[in-house]
Protein chains: 2
Amino acid sequence: MIEVRALASLGQTALDSLLDRPSPLLPKVQRAVAHVLHEVKSHGDTALLAFTQQFDGVRLSPDGLRIPNAQFRHAFDAVDPALRAALAQAKEHLERFHERQRPDDYELTVSPGVQLGQRVVAFERVGLYVPQNLVSSLLMAAVPARLAGVGQLVVCTPPQAAGGVPPAIQAAASLLEVDELYALGGAQAIAALAYGTQTIAKVDKIVGPGNAYVTAAKAQVRDLVGIDLLAGPSEVLLVVDRVADVSEDTLSTWVLAELRAQLEHGPGTSALLLARQPALARAVADALDPSELHQRNVALLSYERLEQAIDFANQYAPEHLCLWGERAEAQLPRVHNAGSVFLGPWSPVALGDYTSGTNHILPTARQGRFGSGLGVRDFVKTISYQRISPQGVQHLAPTVEVLAQVEGMARHADAVQARLEPR
Amino acid sequence: MIEVRALASLGQTALDSLLDRPSPLLPKVQRAVAHVLHEVKSHGDTALLAFTQQFDGVRLSPDGLRIPNAQFRHAFDAVDPALRAALAQAKEHLERFHERQRPDDYELTVSPGVQLGQRVVAFERVGLYVPQNLVSSLLMAAVPARLAGVGQLVVCTPPQAAGGVPPAIQAAASLLEVDELYALGGAQAIAALAYGTQTIAKVDKIVGPGNAYVTAAKAQVRDLVGIDLLAGPSEVLLVVDRVADVSEDTLSTWVLAELRAQLEHGPGTSALLLARQPALARAVADALDPSELHQRNVALLSYERLEQAIDFANQYAPEHLCLWGERAEAQLPRVHNAGSVFLGPWSPVALGDYTSGTNHILPTARQGRFGSGLGVRDFVKTISYQRISPQGVQHLAPTVEVLAQVEGMARHADAVQARLEPR
């Protein structure tokens, strides 16, 4: 049975071991992926078809890579009404949350004749990687991309056994007006998006989560194209303080349900509980079967001082942070390292995974210290500009003169000086 | 003498050769840097001092790494008034341009009982790399970091021959209220910031340009800490259309001054001219001495159709794009790949390099397709959150039920279902 430990009793070694998560980049995987990238770069579609047969066990014809737009364009109308309603709700909520994220164009005059501005420009062509069947990941990436105004949205997702992609993915692609849809997965999909092949034109940025091969491939092409954060195994950290209006039994049932939903994400997943009441942690420990913990990182801890639990959470930088109980929820302003925070026992993570409106593509493996969940900002760049008048040059020239001299950049000063000379 | 070519006459091979720039990551440099990183990770300060002696030829004592705050805190007051005025002007303009970039916190209710929000949180500890003497790069990185609200701002810059750092750097560090200042350069500085040593605590993100070694080091630690874009050699692309009110002689003088300022950046630098009038390009070709072109990428082209010149610029994605002449300047809305745009012949790039207020840390090597100049956004992350009520769970549950089934995530549906059951 899993042990319940007191947070305050842990030494630095035990803490470090909890905080430590493996890099999403595994050396062995990286070598295999380098080969795939090289082959796709050299042989294009031929390599894509060969790897699809090798890794997915699916034999595609050359024209099986792309799902014709005519085929999926009306797929939304063809699926079950319950699925239509689900996709529509998720899309609407995601749109409402993300539409506030677009940076603004602006222009200002900082001194007479010195006019500056910033233009926000969406990427021209973006590739979205969607793991097999993960229709929600398609929603999470496509909604902010569309709001940003991306020109061409290209989706790659692994083929079904009989070729093609699942109806639900097609339905989402149709609802989100995806421009191109490909039955292509793994590192070979990332290679195609980065280098281009006969069938797939290369993109400016690749986003979306994937397995260790997809992540390694993204890491290896990231100087050629933009990428989002490297996706590691999923993580949840629950801080459960005293919770009013929910019985102890119900609370332990809900905690257990939360941890089990997390463990469903597969090997490497992390799920940590920090409970104010040791009895709660023990009840959870009793209920968890050892088989559920196989290849998962699970820790059950109790805390006495809430501040210590929050400090630990900030060090851990979890992908998902649950704060349950009035006092814990009030700590939100003190949270500075986390992907997304779920406040109160009525906010299970699954709601954010699917439909509340926040993004579920979030930083893992402590990347929350310096990275953010996916948003509109990931699909735009900013271009600054300036328009200086003769008067403006006069005003700025002395500063250039002084700083260029400090830096030994005489030609820079000359270029400005040239404007001041009689013509 | 350098040849003047017509843009329209270039075949794809010639165009590709112009567009192509080497990766900022050189394999040979990467191997040397891996060694430096490993040594600093293993031996801390001892390795820093050894590499400083080996690479910079400077022998520092262990307490020579850090410039005491008491030493530089009042350095601004001690320098020449002209330098003080220059630093103050640059800081003020930079602040006015960048203060509009901070993303907003927001909160909204997307449906009854479903409350969502985004918090913008500055990084706790950021390292700024400042190449030798480049006081302007310190300004460019520190101003947006300060506006973002970064907790601790740490600067590393190569030591002077006699130890310590130049007075101008100390003055800027004092004006910008830098928290820690180190006489440490090269890959060893990046290693110290990423891993931490006895003297230097590790940071969450490292920004700022550097040479090939610094850039390679940033690339190698970027899964451990955040970094900004990889800095390649500097680039300028000038599109010079018909320019009113400036004589042909003056125009060619100014073009020449602009190109020469660019070439001053050192080996690998690129400077391209696209001129509406072939005579202008020829006058520039006549004036350039072959010695000025050594290890520089210079191309002089003429164009007939302005659209073609802008298309080329968008493909090239230059760090600096100059548009001179009324018709060319009117193309700004069509520019979608460039670091910063300089409108009109009165806007030499040197003004933006030093003091107009836009940032000079900009994407090179075609990274402008997917990246932006440094800004406040590079020093903050966003954390989303949600607070759901029992009514909200009711409203969202059917969508989770449907999508979790599509994805084979039964435990996710269970976690939501648990909230709907009688307690």
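View 1. In E7(A), A:Leu181 is the bridge partner of A:Ile67. This is a predicted model: local features need pLDDT of at least 70, side-chain atom pairs count only at pLDDT 80 or more, and totals for chains, interfaces and linings use all residues. Residues are numbered from 1 along each chain as its sequence is written, and chains are lettered from A, ligands numbered from 1, in the order in which they are written. Strands (E, at least two residues) and helices (H or I, at least four) are DSSP runs, numbered from the N terminus. Two bridges link E2(A) to E7(A), residues 180-183; the two run antiparallel. Two strands count as paired if DSSP finds at least two bridges between them.

**View 2. Helices H9 and H10 of chain B.** H9(B), residues 186-195, packs with H10(B), residues 212-221, at an angle of about 25°, and their axes are 7 Å apart. Axes are lines fitted to C-alpha atoms, for helices over the stretch in contact; angles run from 0 to 180 degrees between N-to-C directions. H9(B) and H10(B) are therefore roughly parallel (angles under 35 degrees count as such). Their crossing is right-handed (the near helix is turned clockwise from the far one by less than a right angle). From H9(B), B:Gly186, B:Ala187, B:Ile190, B:Ala191 and B:Ala194 take part. They meet residues of H10(B), including B:Tyr213, B:Val214 and B:Lys218. Contact requires C-beta atoms, placed from the backbone, within 7 Å. The contact residues comprise nine nonpolar, one polar and one charged. Ala, Val, Leu, Ile, Met, Phe, Trp, Tyr, Cys and Pro count as nonpolar, Asp, Glu, Lys and Arg as charged, and the others, Gly among them, as polar.

**View 3. The two-fold relation of chains A and B.** Chain B superposes on chain A by a rotation of 180° with 0.0 Å of shift along its axis (RMSD 0.0 Å). B:Pro103 has the C-alpha nearest the axis in chain B, 3.6 Å from it. Of the contact residues of chain B, 100% recur in chain A.

**View 4. The surface of chain B that touches chain A.** Here 98 residues of chain B are in contact with 98 residues of chain A. H16(B), residues 390-407, gives the most to the side of chain B, with 11 residues. That side has 49 nonpolar, 30 polar and 19 charged residues.

View 5. Nine strands form an open, mixed sheet in the order E3(A)-E4(A)-E15(A)-E14(B)-E13(B)-E10(B)-E11(B)-E12(B)-E1(B). Its edge strands are E3(A), 106-111, and E1(B), 4-6. The twist averages 20° from one strand to the next. Four bridges join E15(A), residues 380-388, to E14(B), residues 340-343, and these strands run parallel. A:Arg387 stands opposite B:Leu343 in E14(B). H16(A), residues 390-407, packs on the sheet, touching E3, E4 and E15 of chain A, and its direction makes about 95° with that of E4(A).

**View 6. The hairpin of E3 and E4 in chain B.** Five bridges join E3(B), residues 106-111, to E4(B), residues 114-122, in antiparallel fashion. B:Leu108 has B:Leu116 as its bridge partner in E4(B). Two residues lie between the strands, and B:Gly113 takes a positive phi near 85° in this hairpin.

Notes. Parallel < 35°, antiparallel > 145°, perpendicular 65-115°, else oblique. Contact = placed C-beta atoms within 7 Å. Least-squares fit on C-alpha atoms with pLDDT ≥ 70 in both.
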